[in-house]
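Here are my notes on the structure you sent, as numbered points. Please read them with the coordinates open.

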Amino acid sequence: MNRLIVLFIFAVCMICSGCKAVSTSVTNVNLDVPYRDIKTLAVMRLNDEVIQEREVKGLIVKTVTNPDAGELLAGIMTSELARWGKYRVISRSEIKDKLSAADAKENELVKWRDYTTLGKVLKVDAVVIGEIDEFGLSTAAVYQRGSVSFNAECIDTRNGKVLWSLDVSKSVPYKDEVELANNVMKEVIEKLKKDTEGGL
């Protein structure tokens with residue numbers, strides 16, 4: 001009986017703590033002045049191996065990870081960077097077609113950070129590569145929370161120089177992690193735009 005009471009109190013505490021202060025947001029944009037003018041850009045599939053290794057977890061609070069987070073976030077970032085208009089951003093389908101024609105594998109080139117080959121095959125001045133730490137939904141009896149956390153670097157394919165980097169983490173009450181990712185990406189690209197225009 002005492003064990004059930006302790007378990008019930010623990011469950012209530014977990015739910016209550018989950019309802020409080022679930023909104024956290026960290027967005028860091030680091031800029032570096034490029035050696036050359038960057039006109040063309042490709043966003044590579046973000047590495048999501050860390051989160052794909054996690055299964056649905058938790059008894060009281062269950063966390064589900066999006067099954068194709070890397071491709072989804074790369075697509076969202078591609079759209080937002082294209083909307084900015086600073087670069088000609090090639091589409092994800094164009095990236096796949098060019099890599100396929102060259103018999104090259106995206107995950108291997110990104111893993112080995114082979115910027116020169118990526119630049120030649122895709123015919124771009126820079127590539128964005130990154131990793132996802134979190135992308136999914138956590139649910140409990142009285143709340144749902146979406147979480148998006150990733151980092152990314154824009155790298156000059158000629159010299160390997162980092163032009164800008166993003167470090168993003170947001171967790172808020174949400175029912176759809178994809179909608180949250182769209183909103184977060186709009187915010188971070190807008191911040192990048194402002195910081196770039198102010199810093200260059």
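1. Helices (H or I, at least four residues) and strands (E, at least two) are DSSP runs, numbered from the N terminus. This is a predicted model, in which local features need pLDDT of at least 70 and side-chain atom pairs count only at pLDDT 80 or more, while totals for chains, interfaces and linings use all residues. Residues are numbered from 1 along each chain as its sequence is written, and side-chain values use heavy atoms, with hydrogens and water left out.

2. Confidence. pLDDT is the predictor's confidence in each residue, from 0 to 100. Its mean for the protein is 80, and 73% of the residues reach 70 or more. Residues 6-25 have a pLDDT below 50, and in the model this stretch makes 21 contacts beyond near neighbours in sequence; a contact means heavy atoms within 4.5 Å. Where pLDDT is low, the predicted coordinates should not be read in detail.

3. A salt bridge is a side-chain nitrogen of Lys or Arg within 4 Å of a carboxyl oxygen of Asp or Glu. Lys98 and Glu94 form one, at 3.4 Å from N to O. The two residues sit four apart in helix 4 (residues 92-101), and therefore about one helical turn separates them. For accessibility, buried means under 20% relative accessible area, exposed over 50%, and partly exposed in between (1.4 Å probe, protein chains only). Lys98, at 22%, is partly exposed, and Glu94 is partly exposed at 26%.

4. The whole structure contains eleven salt bridges. In one of them, the closest N and O atoms of Arg45 and Asp68 are 2.8 Å apart. Arg45 belongs to the loop between strand 2 (40-43) and helix 2 (49-52), and Asp68 to the loop between strand 3 (62-65) and helix 3 (69-84), so this pair ties together parts 23 residues apart in sequence. Arg45 is partly exposed at 28%, as is Asp68 at 35%.

5. Strand 6 to a helix-helix loop. Glu153 and Arg113 meet in a salt bridge of 3.4 Å, N to O. Because Glu153 is in strand 6 (residues 144-156) and Arg113 in the loop between helix 5 (106-111) and helix 6 (115-122), the pair ties together parts that are 40 residues apart in sequence. Glu153 has 26% relative accessibility and counts as partly exposed; Arg113 is also partly exposed, at 42%. Elsewhere, salt bridges that share partners link Glu71, Arg92, Lys96 and Glu106 in one network.

6. Antiparallel strands. Two strands pair if DSSP finds at least two bridges between them. Strand 5 (residues 126-139) pairs antiparallel with strand 6 over 13 bridges, and Glu134 has Ser149 of strand 6 as its bridge partner. Strand 6 also pairs antiparallel with strand 7 (residues 162-173), over eleven bridges; here Asn151 is opposite Asp167 of strand 7. Strands 6 and 7 make a hairpin with five residues between them, and Gly160 in the turn has a positive phi of about 75 degrees.

7. Strand 2. This strand pairs in the parallel sense with strand 4 (residues 88-90) over three bridges, with Thr40 opposite Arg88. Strand 2 also runs parallel to strand 5, again through three bridges, and Ala42 is opposite Val127 there. Strand 2 is covered on both faces, with Thr40 and Ala42 buried on one side and Leu41 and Val43 buried on the other.

8. Nonpolar cores. A nonpolar core is a set of buried Ala, Val, Leu, Ile, Met, Phe, Trp, Tyr and Cys residues joined through side-chain atoms within 4.5 Å. The largest has 35 residues, and Met77, Leu81, Val128, Phe150 and Trp164 have the most contacts inside it. Two or more residues come from each of strand 2, helix 3, strand 5, strand 6, strand 7 and helix 7 (177-199). Beyond four places in sequence, Met77 touches Val43, Val128, Phe150, Ala152, Leu166 and Met185. A separate second core has 15 residues, including Leu99, Val121, Ile129 and Ile155.

9. Asn47. This residue is in the loop between strand 2 and helix 2 and is partly exposed at 27%. Its C-alpha atom is 8.0 Å from that of Ile129, 82 residues away along the chain. Leaving aside neighbours within four places in sequence, Asn47 contacts Gly130, Glu131 and Ile132.
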